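Let's walk through this fold together, going from strands to helices and then to the pair of chains. Keep the viewer open as you read.

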2 protein chains.
Amino acid sequence: MRHAEHAVTVNAPLDDVWDILVDVEGYADIFPPTQAVAILEEGPGYQIAKLTVKVNDEINTWTSRRDLDAERRVIAYRQLNTAPIVGSMSGEWRAFFLDPNTTQLVLTHDYVAREPVNGAVAGRFTAEEADTLLHAAVERNSVADLEAVKREAERRQARVAAR
Amino acid sequence: MRHAEHAVTVNAPLDDVWDILVDVEGYADIFPPTQAVAILEEGPGYQIAKLTVKVNDEINTWTSRRDLDAERRVIAYRQLNTAPIVGSMSGEWRAFFLDPNTTQLVLTHDYVAREPVNGAVAGRFTAEEADTLLHAAVERNSVADLEAVKREAERRQARVAAR
C-alpha cells in the first residue's frame, strides 16, 4: 500500500474552500482531468458519485463514496468500483484554518495497484508497470486537483474583492 | 522564486509536535542531515540559530531567524546568511489539529538560487545547475525533515503509551 500527501496554500477563507470541496458535481468544471460527475446517492454526511476522469490519457470511470465531516473540514473518499489498474484507492481532502483569508489544503491518497490476473494487470501491464503508472497518475492528479481548487477559490475571492 | 509545500500526518498530539518544532537545538539529534545547531540570540517569539547541515554531501552553514506563533502553531523561518548556492530561503513549519491524537504537519519553502558572479554560482555552477541542485536539496530535505519530526513525535507517543 502506498501513501501520499500533497499540500497547497489557498489565499481564500476556509468556508469558501470547503464549499468547493463539498460540491462534487462542480468538479467537472474545475478539474481539467474530470470529464463528468453524477451523484448516485446522497444522505446526511455522505455522497456516492460516479466520476469520469482522464488518467494517463485514457478515460476511466469509478464510483467514489465521500464521507463529509463539516466540523473538522475533512472529506474521506473511497473508491467503491475502481479504475482498471486500481486495486484500492482512498484518502482525505483536509482544509485547515491558517488565518481568516488563508487556508491550508491537504490531499492524501492510500492506494495499491490491482493484482495481476494471469500475470497481467488490466490485460496488458506487469505488476510493476501498473504500480509505476498508478503512482505517476496520483502524483500528477494530486498537483492538478489542488491547483484547481486553489485557482477556483482565489477566482471567487477576487470577484468578491472587486464588488 | 520557487515555492514548495510538503506534508505528513503525524500520529501524535499537536502539543507534542509543536514541542519538537520549537526545540531548534534538538534538531541536531533528530534530523540526520543536521550536524549542529547553536542559538545565537533568543527573545519573546523568536530565535536566531546557526545551523550546520549536510546538503548534497557537503557541509553548509547558515543563520536562520525563526518567528514562533504559538497560537497558530506556525514557525516562520528566514535564512539571514545563506549557504553558498542560496540567494534566499524562507518558509514555514505549520502544525494543525486533525484530532486529539493526530497532527497535520506542513513545511513550506520559498527560495531562489544565488545570482551568478562572473557567470558562476559559488565559483563552479551555472545558474541552471545551481537551481537544479537547490531544488533537489529542498525536495530531499523536506521529506527527510518531515519524516524526522514524525518519527520523533511517534516515538515519544509510544513511550507514553507504554507507561
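Which residue takes a positive phi in the hairpin of S3(A) and S4(A)? Please keep in mind that this is a predicted model. The residue is A:Asn56, with a phi near 50 degrees, in a hairpin that has two residues between the strands.

## The sheet of chain A

Chain A has an open sheet of seven strands, ordered S1-S7-S6-S5-S4-S3-S2, with antiparallel pairing. At the edges stand strand S1 (2-10) and strand S2 (34-43) of chain A; each has a single partner strand, so one side of each is left without a neighbour in the sheet. From one strand to the next, the twist averages 20 degrees.

In general, strands of a sheet pair through backbone hydrogen bonds, either parallel or antiparallel. With that in mind, the individual pairings can be followed strand by strand.

## Strand pairs and hairpins

Start with S2(A), which pairs with strand S3 (residues 46-55) of chain A in the antiparallel sense over eight bridges. A:Ile39 has A:Ala49 in S3(A) as its bridge partner. A:Ala49 also stands opposite A:Ser64 in S4(A), and 10 bridges join the antiparallel strands S3(A) and S4(A).

Moving on, S4(A) and S5(A) run antiparallel and are joined by seven bridges. Here A:Thr63 stands opposite A:Asn81 in S5(A). The hairpin of S4(A) and S5(A) has four residues between the strands, and in it A:Arg73 takes a positive phi near 60 degrees.

## Two helices that cross

Two packed helices are described by the angle between their axes and the distance between the axes. For helix H1 (residues 14-22) and helix H3 (residues 127-162) of chain A, the angle is about 125 degrees and the axes are 10 Å apart. That angle makes H1(A) oblique to H3(A). The crossing in which H1(A) passes H3(A) is right-handed.

Which residues meet between H1(A) and H3(A)? From H1(A) come A:Asp16, A:Val17, A:Ile20 and A:Leu21, and from H3(A) come A:Val149, A:Glu152, A:Ala153, A:Arg156 and A:Gln157. Sorted by class, the contact has five nonpolar, one polar and three charged residues.

## Helices on the sheet

H3(A) lies across S1, S3, S6 and S7 of chain A and runs at about 20 degrees to S1(A).

Strand S3 (residues 46-55) and strand S4 (residues 58-69) of chain B pair in the antiparallel sense over 10 bridges, and B:Ala49 stands opposite B:Ser64 in S4(B).

## How the two chains relate

Two copies of a chain are related by a rotation about an axis and a shift along it. Chain B superposes on chain A through a rotation of 180 degrees with 0.0 Å of shift along its axis, at an RMSD of 0.0 Å. The two copies are therefore related as by a two-fold rotation axis.

Through which surface do the copies meet? They meet through the same surface, because 100% of the interface residues of chain B are also interface residues in chain A.

Conventions
Residues numbered from 1 in each chain as written. Chains lettered and ligands numbered in written order. Predicted model: local features only at pLDDT ≥ 70, side-chain atom pairs only at ≥ 80, totals over all residues. Heavy atoms only, no water. Axes fitted to C-alpha atoms, helices over the stretch in contact; angles between N-to-C directions. Parallel < 35°, antiparallel > 145°, perpendicular 65-115°, else oblique. Left-handed = near helix turned anticlockwise from the far one by under 90°. Contact = heavy atoms within 4.5 Å. Nonpolar A, V, L, I, M, F, W, Y, C, P; charged D, E, K, R; others polar. Pairing = 2+ DSSP bridges. Least-squares fit on C-alpha atoms with pLDDT ≥ 70 in both.
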